[in-house]
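I opened my notebook to get to know a structure that was new to me. These are my entries, in the order I looked things up.

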Amino acid sequence: VEVAGKPLLDHVLDRLRSAGVEKVVVNVHYLADSLEAHLKARCKDLDVVISDEREQLLETGGGLVRARPLIDCDPFLAVNSDNFWVDGPTDTLKLLASHWDGGKMDALLLLVPQARAGNHGGSGDFHMDVAGRLRRRAPGRVAPFVYTGIQMMAQRLLDGAPEGPFSTNILWDRAIEEGRCFGVVHQGLWFDVGTPAAIPATEEALARE
């Protein structure tokens with residue numbers, strides 16, 4: 001899936017390179033063979049390891065559990081490929097890493113104000129207090145911040161996780177309950193590119209910048 005002439009995955013890989021990341025674990029399911037071939041051709045300067053979900057799509061949480069034996073750092077970045085972001089004054093991933101505090105955090109989510117969440121039509125995801133600690137949007141209400149699909153996580157967040165497919169929301173809810181889920185506000189542009197209609201909308205917005 002291309003945005004501005006480049007596959008979304010390649011945009012993510014370029015951002016990771018710029019932030020100094022050297023190893024990536026990529027989970028594959030749909031068109032897995034094509035994706036593996038693309039990564040082999042594209043990533044000569046990155047250590048790419050495949051987490052294979054061909055037999056069963058495991059969702060966001062289950063995918064992390066499957067990939068966990070391949071992740072050899074703590075904490076680690078987890079980035080969805082169906083979003084597009086432009087850095088603000090500083091590198092976005094470095095900004096996220098600079099706010100990490102393992103003594104009090106299990107998850108650190110990159111958030112964007114709802115008013116700046118391109119192509120996103122929801123009611124927001126989180127409220128954030130002055131210390132950066134997160135709480136959920138109440139049912140039927142709105143919240144000021146939207147999750148971008150970019151986060152930093154401690155390995156311990158995956159301890160005791162369910163088996164099979166499940167959403168990362170289950171892990172976040174536990175961390176929120178324990179006061180260990182925090183947020184950082186993205187300083188640049190961000191676009192949700194989860195539907196075909198979002199592709200031209202994102203390209204038009206970028207052309208106006």
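**Ground rules.** I take helices (H or I, at least four residues) and strands (E, at least two) as DSSP runs, numbered from the N terminus. I am working with a predicted model, where local features need pLDDT of at least 70, side-chain atom pairs count only at pLDDT 80 or more, and totals for chains, interfaces and linings use all residues. Residues are numbered from 1 along each chain as its sequence is written, and side-chain values use heavy atoms, with hydrogens and water left out.

**Helix α1.** I began with Asp 10, which I found in helix α1, residues 8–18. Is Asp 10 buried or exposed? I call a residue buried under 20% relative accessible area, exposed over 50%, and partly exposed in between (1.4 Å probe, protein chains only). Asp 10 has 4% relative accessibility, so I put it down as buried. For contacts I want heavy atoms within 4.5 Å. Not counting residues up to four places away in sequence, Asp 10 touches His 38 and Arg 42.

**The whole protein.** I counted six helices and 13 strands. Radius of gyration is taken over C-alpha atoms, and the globule rule is 2.2 Å times the number of residues to the power 0.38. A compact globule of 209 residues would come out near 17 Å, and the protein has 17 Å, which agrees. Along the principal axes, the C-alpha atoms fill a box of roughly 45 × 45 × 30 Å. Of the 209 residues, 42% are buried. I also looked at contacts with a separation of 6 or more: residues 24 or more positions apart account for 71% of them. Accessible areas come from the Shrake-Rupley method with a 1.4 Å probe, and for residues only the protein chains shown count as cover. The protein exposes about 10700 Å², with carbon and sulfur atoms supplying 52% of that.

**A sheet of three strands.** Strands of a sheet pair through backbone hydrogen bonds, either parallel or antiparallel. For me, two strands pair if DSSP finds at least two bridges between them. What is the order of the strands in the open sheet of three? I read it as β6-β13-β8, with mixed pairing. Strands β6 and β8 stand at the edges with a single partner strand each, so one side of each has no neighbour in the sheet. β6 and β13 run antiparallel and are joined by four bridges; across them, Val 86 stands opposite Leu 189. β8 (residues 117–118) pairs with β13 in the parallel sense, over two bridges. There I noted Ala 117 opposite Trp 190, and Gly 118 with Phe 191 as its bridge partner.

**Rings.** My pairing rule covers rings of Phe, Tyr and Trp (its six-membered ring) with centres within 6.5 Å; planes under 30 degrees apart count as stacked, over 60 as edge-to-face and the rest as tilted. How many aromatic pairs does that rule give? It gives three. Phe 84 and Phe 191 make a tilted pair, 6.5 Å centre to centre with 50 degrees between the planes. Phe 84 is in β6 (residues 83–86) and Phe 191 in β13 (residues 189–192), so this pair ties together parts 107 residues apart in sequence. Phe 84 is buried at 6% relative accessible area, and Phe 191 is buried at 7% relative accessibility. Tyr 147 and Trp 172 form an edge-to-face pair, 4.7 Å centre to centre and 75 degrees between the planes. Tyr 147 is in β11 (residues 145–153) and Trp 172 in helix α5 (residues 169–177), so the pair links parts 25 residues apart in sequence. Both Tyr 147 and Trp 172 are buried. Ring pairs link Phe 126, Tyr 147 and Trp 172 into a cluster.

**A charge over rings.** I say a charge sits over a ring if NZ of Lys or CZ of Arg is within 6 Å of the ring centre and within 35 degrees of the ring normal. The charged end of Arg 15 sits over the ring of Phe 84, 5.7 Å from its centre. That charged end of Arg 15 also sits over the ring of Trp 85, 5.7 Å from its centre.

β5 (residues 76–79) has Phe 76 and Ala 78 on a covered face, and Leu 77 and Val 79 on an uncovered one. Four bridges join β5 to β11, running antiparallel, and Leu 77 has Met 152 as its bridge partner in β11.
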